[in-house]
Amino acid sequence: MSAVAQPTVRRAPRRRRPTPAALALNVLTYVVAFIVFFPILWAVLTSFKTEAAAASIPPKFLFHATLDNYRTVFSADYFLFFRNTVILSTGSTLVALLLGLPAAYSLAFHPSPRTPKVLSWVLSTKMLPAVGALIPLIVIYKRVHLFDTRLGMILLYGAFNLPLVIWMMRSFFADLPKEILEAATVDGAGFLRIMTRIVLPLTAPGLAATALLSLIFSWNEFLLAVNLTSANSGTLPVFISGFMTSEGLFWAKMSAASSLAIAPVILAGWLAQRSLVRGLTFGAVK
Amino acid sequence: MRLSRSAMGLSGVIVLSLAVLVGVSSARTTRHHATTITIATVNNPDMIVMQSLTSVFTKKYGIGVKYVTLPENTLRQKVTSDVATGGGQFDIATVGTYDVPIWAKNKWLVSLDPSFAKLSSSAASAYDLKDVIPKVRLGLSYKNNLFALPFYGESSMTYYNKKLFAAAGLKMPLHPTWDQVAAFAAKLNKPSANQYGICLRGLPGWGEFGAPLTTVVNTFGGEWFNMKWEPQLTSPAFKAATNFYVDLIRKSGEPGATSSGFTECETAMAQGKTSMWVDATVAAGQLTDPTKSQVAKDIGFAYAPTKVTPLGSHWLWSWSLGVEASSKNQDAAFKFLTWATSKDYIKLVAAKNGWASVPPGTRVSTYKNPAYKKAAGAFESIVLNSMLTADPTHSTLHKVPYTGVQFVGIPEFQNIGTLVTQNLAGALAGSTSVDSALTTSQAQVTRIMKQAGYLK
């Protein structure tokens, strides 16, 4: 019996013609995406207008672009606030991860009868509106000389993001097959080795998503920053609000400050988009 | 055991990280100076100029300056909480005419008189305190002690578009009445052409809608309180003034008036969308600047309109600098105050940005300067006369127990003014009547005054 190799003819897959419903859904998706994106687009466009053009009614879509607003923003200590924001958000994310990861590990792999209560308690700390704790925080921070310091804000943001880290990472850890960890333990791996070689690599997308969310929350936080910082550790949201004035136009300058403030976060989100989506949907479908 | 070792290792990492963060935290980000003062300020145009010129002060005195720039209301809350808790976060606070007597009474600001007494005769003569507009000084004093120095001041006046007036064959008198203004507004109101008769503030807030409304109430012969601190919101004069104000906007004013404050009306005026605007004199410089105004050459000026009495028809306000009582650098702060409000500073701004850009409404000498007269010729005399005649101690037809032209100088007024203007915004929007809003307001204000102990 001889086998004759027949040349295989590959046919290009037939492109299905999209149904009207699919087309409509597509268009609707683009429309929704545009509506969601429009405020950012408008802020960026406004940042290149003169103040008069930015305030004109009806709004101007065609205008002479200017960089004056960006010059004003850079000359108003933008980099000091930017540096503060970077240090505060990365520092607080680090603190939240350093404290939250072991807690999540313990709650996921060594549960006790009280674990659900502990988890509820951790979550309950997020239920109090931040403004409810504001006055005691101001008084305490002034007494312990943490007011208007980066350390104080890092500790605070770290504490505020801790429930997020614990809850998210616990759910990612809980999805790991326990047999892998047991096998590693039998092979003589310790806690740190298990964490660094097995647990964290396997939950990397979840870790990235958690870290990024923690970073974004700290980056954008305004209420605590405006009340607990002053000349030394103010962040970009406080910087942006400083452009508001009761006498004179400020929309274009404020838009330039906003564009510069959100650009790093948008860039980070865009770069980590795949990990973020994977992390956020990790374990969502079982 | 292995786990606990690991946990200890992790704790070590955490402590090490925090130690690094402490190091980062204590790192200085600005240049070192023997003394550095912190100023809490708002982002108004003249304040931005001050910030840009601060290096001159630092070079001269070797004193570093840091700014904390925030929106007006946020700044007021923050500085209030700082001084009330003795935080010493700020050395200098930017305060308005409304705040100064209240803050001085609470001992949140230090009296400047002892510092002026310590000045050498040459320094005192160079500063020339008497040159500061007397009514402005009066507004910044408490029990005959000066507590702040004006950085820039303002009254209110009428702006109008000369081109639109000429096209309609109208002539604005130098001293218009509110009836004339209403008649002009009705003739010039052309909503179909996107042009409105007048723009007046309708944005709720004691310092927004509340300010021009109070001047109208004053000139209609009304007042907020009688001598027994009884609210007078339902008095015939108060009702007539408020009905007039609301009707004028509804008939001939800008659309969406409940979101129109100073900024929105200034924009409408600068774009030629409104024929008239009665508001702060400080806008004159911006409206006549061709880079900021499309109708710079067509802007005309007149005094603030009047009705029954000229008293309180135009306001008096100044953004001023005061030294916080909790400041640890009071001498350095006083040096900055006297530098930023000096004649030399005004010359410095003139040299950099031109005479039209100098802080207005602070010194009589500015208005005598030929260069300033030339640059601000169209409005300088109206501004100066308005500021010289606005009297915070005598701003109503009947005798009242409070001071202030466009506000009532008591701490409760922030709440009262905002509450009443919120109620009246409903009347502006057409959801309620003025009389109904005032009746509601009268009851609310009476309750507040009782709670505050003014009424039994």
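Visitor: Let's start with Leu337(B): leaving aside neighbours within four places in sequence, which residues is Leu337(B) in contact with?

Guide: Keep in mind that this is a predicted model. Once neighbours within four places in sequence are set aside, Leu337(B) is in contact with Ile92(B), Leu149(B), Leu321(B) and Val323(B).

Visitor: Which residues have the most contacts inside the largest nonpolar core?

Guide: They are Ile92(B), Leu109(B), Met276(B), Phe336(B), Leu337(B) and Leu424(B), in a core of 131 residues. Domain 1 and domain 2 of chain B each give this core at least three residues. There is also a second, separate core, with 60 residues, and it includes Ala76(A), Ile166(A), Leu207(A) and Trp219(A).

Visitor: On to strands. What is the strand order in the open sheet of chain B?

Guide: The general idea comes in one line: strands of a sheet pair through backbone hydrogen bonds, in either a parallel or an antiparallel way. Here, the open sheet has 5 strands in the order 2-1-3-10-6, and the pairing is mixed. Strand 2 (63–69) and strand 6 (149–154) of chain B stand at the edges with a single partner strand each, so one side of each has no neighbour in the sheet. From one strand to the next, the twist averages 20°.

Visitor: In which sense do strand 6 and strand 10 of chain B pair, parallel or antiparallel?

Guide: Antiparallel, over 5 bridges, with strand 10 covering residues 317–323 of chain B. To pick out one bridge, look at Gly153(B), whose partner in strand 10 of chain B is Ser318(B).

Visitor: Which helix packs on that sheet?

Guide: Helix 14 (residues 330–340) of chain B does, touching strand 1 (35–41), strand 2, strand 3 (92–96), strand 6 and strand 10 of chain B. The direction of helix 14 makes about 150° with that of strand 10 of chain B.

Visitor: How is chain B divided into domains?

Guide: Into domain 1 (35–147 + 317–375) and domain 2 (156–315 + 392–451), so follow the numbers in each case through two stretches of the chain. The C-alpha centres of these two domains of chain B lie 29 Å apart. Their contact takes 10 residues from domain 1 of chain B and 10 residues from domain 2 of chain B. On the domain 1 side, helix 4 (99–105) and helix 7 (134–139) of chain B are the elements that give two or more residues. By class, that side of domain 1 of chain B has 7 nonpolar, 3 polar and no charged residues.

Visitor: And how is chain A divided?

Guide: Chain A has domain 1 (20–69) and domain 2 (75–281). Taken over C-alpha atoms, the centres of the two domains of chain A are separated by 30 Å. In this case 10 residues of domain 1 of chain A are in contact with 8 residues of domain 2 of chain A. Helix 1 (20–47) and helix 2 (51–54) of chain A each supply at least two residues of the domain 1 side. Helix 1 of chain A gives the most to that side, with 4 residues. By class, the domain 1 side in chain A has 4 nonpolar, 4 polar and 2 charged residues.

Visitor: How many residues of chain B are in contact with chain A?

Guide: In general, the size of an interface is often given as the accessible area lost when the parts come together. Here we can count residues instead: 37 residues of chain B are in contact with 36 residues of chain A. Helix 1 (2–26), strand 2, helix 3 (72–84) and helix 12 (262–270) of chain B each supply at least two residues of chain B's side. Helix 1 of chain B gives the most, with 12 residues. Sorted by class, chain B's side has 15 nonpolar, 18 polar and 4 charged residues.

Visitor: What is the phi of Asp148(A)?

Guide: Asp148(A) has a positive phi of about 60° although it is not a glycine. Find Asp148(A) in the loop between helix 6 (134–143) and helix 7 (150–174) of chain A. Trp229(B), not a glycine either, has a positive phi of about 65°. Trp229(B) sits in the loop between helix 10 (210–219) and helix 11 (236–252) of chain B.

Visitor: Is Asp148(A) buried or exposed?

Guide: Asp148(A) is buried, because 20 other C-beta atoms lie within 10 Å. Trp229(B) counts as partly exposed, because it has 19 C-beta neighbours inside 10 Å. Now try His64(A), in the loop between helix 2 and helix 3 (68–75) of chain A. His64(A) counts as exposed, because it has 9 C-beta neighbours inside 10 Å.

Terms used. Residues numbered from 1 in each chain as written. Chains lettered and ligands numbered in written order. Predicted model: local features only at pLDDT ≥ 70, side-chain atom pairs only at ≥ 80, totals over all residues. Pairing = 2+ DSSP bridges. Axes fitted to C-alpha atoms, helices over the stretch in contact; angles between N-to-C directions. Contact = placed C-beta atoms within 7 Å. Nonpolar A, V, L, I, M, F, W, Y, C, P; charged D, E, K, R; others polar. Buried ≥ 20, exposed ≤ 12 C-beta atoms within 10 Å, placed from the backbone. Core = buried A, V, L, I, M, F, W, Y, C linked by C-beta atoms within 7 Å.
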